[in-house]
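Hi,

Here is the structure I promised to pass on.

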Amino acid sequence: MLIRFILNHSHPWLYWCHPLASRVLYWFQSTLTSSEKQVNSFDLDLSLMGKTGRNLIGKKYNEKQSKNQSDKVHKMTKFDFVVIGGGMVGAAVALGFAKQGKQVAVVENFAPKAFEQDQPLDIRVSAISQNSVNLLESLGAWSGISSKRVCRYKRLETWEHPECRTRFHADSLDMEQLGYIVENRVIQLGLWEQFEHHDNLTLFCSDKLERIEFGDVNQVTLDSGEVLETGWIIGADGANSMVRQMAGIGITAWDYRQDCMLINVETELPQQDITWQQFMPSGPRSFLPLASLEKDGQEVGQGSLVWYDSARRIRELKQLSNTALEREIAQHFPSELGPIKVLQAGSFPLTRRHAQNYFKRGCVLVGDSAHTINPLAGQGVNLGFKDVKALLEVCASDEPATEKQMRKYEIKRRGDNLLMQTGMDFFYKTFSNDLGPAKFVRNAALKLAEQSGPIKDQVLKYALGL
Ligand SMILES: Cc1cc2nc3c(=O)[nH]c(=O)nc-3n(C[C@H](O)[C@H](O)[C@H](O)COP(=O)(O)OP(=O)(O)OC[C@H]3O[C@@H](n4cnc5c(N)ncnc54)[C@H](O)[C@@H]3O)c2cc1C
């Protein structure tokens, strides 16, 4: 237990300091996890994407896709890679493999609803770092995404006491923006639009994984009865990954004692280029700017509010009418927000998970199936895209992918994912109490961070994945 604690809490810094330390600790952790698996392996019945996904099934897209599907289905049942899950991460990795000339299948349960400019913004949005934008550009998807609906932000500010703020600005790194806030569905659609340029990519949608028969070549049976043969199955099927469970990969996981509520609002303040977060003992309150809305010939600012609090409090908030929720927001959000009108809201439980292996029995995990993280710094899908980049790099040759390449992928990614998870937990634990001395120290630290010049730039670069 002690060793597990040390590995989980201290070695991210070693990973940072020396790549050799990363390898030694990776080896040590994998020997340890295999013996601890029975203790740590459990799965939680959370469906972070499921409900939203179900609501998003698009008739228009489905019709088009089922035509594509009927054109392609039965033509080929052997693939280099079968990707289970066509969400943001699965779609990106599938497209990357297709660009490398590999034969790829993507299996997705729910087609994303087609985009229309006058649709209200989705609740599920992500802050996308410049590094993720670079990946989406390299996949040819970014122009399709940015031509739909994105909101760039140039500034990031965080504080607890209003006098002790840490501020980041794109100018300090000579960048046009720090990143973009984009609806998850828009990212997924931008990637899916590229599928049709690749004859070597076959989409099975709406279909889902039913079982895997493991062997020298894995056989994947889908709900439709289709059987696909493949060297490697990519588990991109999210937090409750079936691929992970079927491959017998355990997870180390715990629930944060917080849920989070996402609330889309109209802002009376004009369109903003800042995302901010105020730490409160019961959990942070955040603002993410969204693409503005055209209303009666006028531009109206929109934003996504994130309210972290105890599960009980979030349950109470969910029962409120929009007007009552507006009153609560006015009382509990900082004055930077200004007056708002609530448009829609949804809530999500928060759980940290980390797979004990990233590959096993011809299955490889990417994105949320490998790791979930406290979203307080908006890093989840950015880590997923870093997994995609690393996996594509190790599989770049024309030869069939090997376990040795997958081990390289795991070594590249495990330390970085663990570092970010642990960093977020550090913030979560440090700020979620009301003790006077702790408050003093953390506010002093935020103020010090503001004055730290080059160190602050390095932290910013790390957060942006640069
Ligand atoms: C409240 C909240 C806020 C967040 N904010 C941010 C943020 O600002 N920035 C950020 O980077 N990240 C953020 N995240 C994290 C981010 O949303 C996730 O990391 C990201 O959605 C993971 O993408 P994925 O493709 O790995 O998994 P998912 O999005 O879960 O996609 C999995 C896909 O697999 C499909 N699927 C599942 N099972 C099967 C099956 N058996 N057969 C076929 N298909 C299947 C599902 O339908 C789904 O489309 C946030 C998360 C939460 C909860």
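R361 is partly exposed, because it has 14 other C-beta atoms within 10 Å (buried takes 20 or more other C-beta atoms within 10 Å of a residue's own, exposed 12 or fewer, partly exposed falls in between, and C-beta atoms are placed from the backbone). You'll find R361 in the loop between β17 (359-360) and β18 (363-365), and its phi is near 50°, a positive value in a residue other than glycine. Helices (H or I, at least four residues) and strands (E, at least two) are DSSP runs, numbered from the N terminus.

Bear in mind that this is a predicted model: local features need pLDDT of at least 70, side-chain atom pairs count only at pLDDT 80 or more, and totals for chains, interfaces and linings use all residues. Residues are numbered from 1 along each chain as its sequence is written.

D296, in the loop between β14 (285-295) and β15, has a positive phi of about 50° although it is not a glycine. D296 counts as exposed because it has 5 C-beta neighbours inside 10 Å. Then there is a cis peptide bond from C205 to S206, with omega near 5°; S206 sits in the loop between β8 (201-204) and β9. For context, most residues other than glycine have a negative phi, and most peptide bonds are trans.

A four-residue hairpin joins β9 to β10, and R211 stands opposite T221 in β10.

Now the sheets. Eight strands make an open sheet with mixed pairing, in the order β6-β5-β13-β14-β15-β12-β16-β19. Its edge strands are β6 (165-169) and β19 (371-372), each pairing on one side only. Within it, β12 and β16 (residues 340-355) run antiparallel and are joined by 14 bridges, with C260 partnered by F348 in β16. Helix α11 (residues 311-319) lies across β12, β15 (298-309) and β16, at about 30° to β12. Contact means C-beta atoms, placed from the backbone, within 7 Å; axes are lines fitted to C-alpha atoms, for helices over the stretch in contact, and angles run from 0 to 180 degrees between N-to-C directions.

Another open sheet has three strands, β3-β7-β4, with antiparallel pairing. Here β3 and β4 (150-153) are the edges, each pairing on one side only. Four bridges join β4 to β7 (residues 179-183), and R152 has Y180 as its bridge partner in β7. Helix α7 (residues 130-138) packs on this sheet, touching β3 and β7, and makes about 90° with the direction of β3.

Finally, the ligand. Of the 35 residues around it, G85, G87, G238, G367 and G380 come nearest (a residue is near if its C-beta atom, placed from the backbone, lies within 6 Å). At least two shell residues each come from α6 (88-99), β3 (125-129), β12 (251-267) and α13 (380-394), and α13 gives the largest share, four residues. As for α6, 11 of its 12 residues are buried, M88 and F97 among them.

Cheers

Technical notes:
Two strands pair if DSSP finds at least two bridges between them. Two residues are in contact if their C-beta atoms, placed from the backbone, lie within 7 Å.
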